[in-house]
Amino acid sequence: MRKPLVAALFALVITGAGVAPAVAAPAPAAASASTSASTSAAKADTKGAAPTLQAVSLAGTVALSNCSGSVIRFPNSADSDPALVLSNGHCLETGFPEPGEVIVDQASSRTFGLLNSAGTRVATLRASKVAYSTMTDTDVTIYQLTSTYTTIRNSYGISALTVQDTHPTVGTAITVASGYWKRLYNCSIDGFAYRLKEGDWTWKDSIRYTSACNTIGGTSGSPVIDQSTGKVVAVNNTGNEDGETCTVNNPCEVDASGNVTIHPGINYAEETYQIPACFTTGNKLSLNASGCTLPKP
């Protein structure tokens, strides 16, 4: 896992290396921008002109106590619906879900610091429940908030990020937007892992970044945003830190034939295109809805 910050800082104390300490100033967004975006855009569409890229900001991202996240909506969400926050399964406040475990409708009063485009905290949002959480097949937690999209927009001028409901493509220019560190990582989608195995957990069809997205502890749960559409295509979750194979913090890729490969120093995200089909009118979770493929309890 791209470790929650508490775990990452513990590792820093033990080893004397790793992520920056919590007291360190977050790197400015401009300084973290990668020059690979234009190259990635050219690769994204080899049959025609490269897509027009947008300047992605931190607006709509949130900071958790130990992770990052974002306020999200789906293509069929209404402004009057209770807003949702997307983060990782391994960022759940009650601990990592076990392999095969799926949590739905669990009470929660967790708070989130809402950021504007400049990375300034403009509000504290509160959850009413964990709508869905798992680390099986994917690594995701979705919180339902006590506020609606309209309330958030009218009160703070922040709109939710829309989750794309189609599969992302190789070469797409992306931004990993960390609300915890108030930092943007720009790179592109290098490819997809048929299976990504880390310790006891296995994820399906994970996104592999190009090397420019060198995410660190605390970036767990960050939205991965398509620079050409501004939509969320994945949630940032892990990376191979030490060159080990299939161990915690050292995921390995397993292909359809069972062949195992590792990419030391390379980071990953879990796709989110399959999530909208599982939420119906009123942003209500419906795991039996047509087209919903998320794991069930």
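C213 is buried, with 1% relative accessible area; buried here stands for under 20%, exposed for over 50%, and partly exposed for values in between, with a 1.4 Å probe and protein chains only. The model is predicted, so local features need pLDDT of at least 70 and side-chain atom pairs count only at pLDDT 80 or more, while totals for chains, interfaces and linings use all residues. Residues are numbered from 1 along each chain as its sequence is written, and side-chain values use heavy atoms, with hydrogens and water left out.

The partner of C213 is C187. A disulfide joins C187 to C213, with 2.1 Å from S to S; the term covers a pair of cysteine sulfur atoms within 2.5 Å. This pair links distant parts of the chain, 26 residues apart. C187 belongs to strand β10 (residues 183–198), and C213 to the loop between β11 (201–209) and β12 (223–226). Strands are DSSP runs of E with at least two residues, helices are runs of H or I with at least four, and both are numbered from the N terminus. The torsion about the S-S bond is -100°, and the link of C187 and C213 is left-handed. C187 has 0% relative accessibility and therefore counts as buried.

In total, the structure holds 4 disulfides. With the bonded cysteines of the chain numbered in sequence order, the pairing reads 1-2, 3-4, 5-6, 7-8. One of these disulfides is formed by C67 and C91, whose sulfur atoms are 2.1 Å apart. Here C67 sits in the loop between β1 (61–63) and β2 (68–73), and C91 in the loop between β3 (82–87) and β4 (102–107). The two are 24 residues apart. Their S-S torsion is about -85°, so the disulfide of C67 and C91 is left-handed. Both cysteines, C67 and C91, are buried.

C278 and C292 also form a disulfide, with sulfur atoms 2.0 Å apart. The torsion about this S-S bond is about 100°, so the disulfide of C278 and C292 is right-handed. C278 lies in the loop between β16 (267–271) and β17 (279–280), and C292 in the segment after β18 (284–285), 14 residues apart. C278 and C292 are buried.

Aromatic pairs number 4. Rings of Phe, Tyr and Trp (its six-membered ring) pair if their centres lie within 6.5 Å; planes under 30 degrees apart are stacked, over 60 edge-to-face, and the rest tilted. The ring centres of F96 and W201 are 5.8 Å apart and the planes stand at 75°, so the pair is edge-to-face. F96 is in the loop between β3 and β4 and W201 in strand β11, so the pair ties together parts 105 residues apart in sequence. F96 is partly exposed, at 36% relative accessibility, and W201 is buried, at 10%. F112 and Y143 have ring centres 5.1 Å apart and planes at 65°, so this pair is edge-to-face. F112 lies in strand β5 (residues 111–115) and Y143 in strand β7 (residues 140–148), 31 residues apart. F112 and Y143 are buried.

Charges also sit over rings, a term that requires NZ of Lys or CZ of Arg within 6 Å of the ring centre and within 35 degrees of the ring normal. R73 lies over the face of Y149, 4.7 Å from the ring centre. The charged end of R195 sits over the ring of Y194, at 4.1 Å from its centre.
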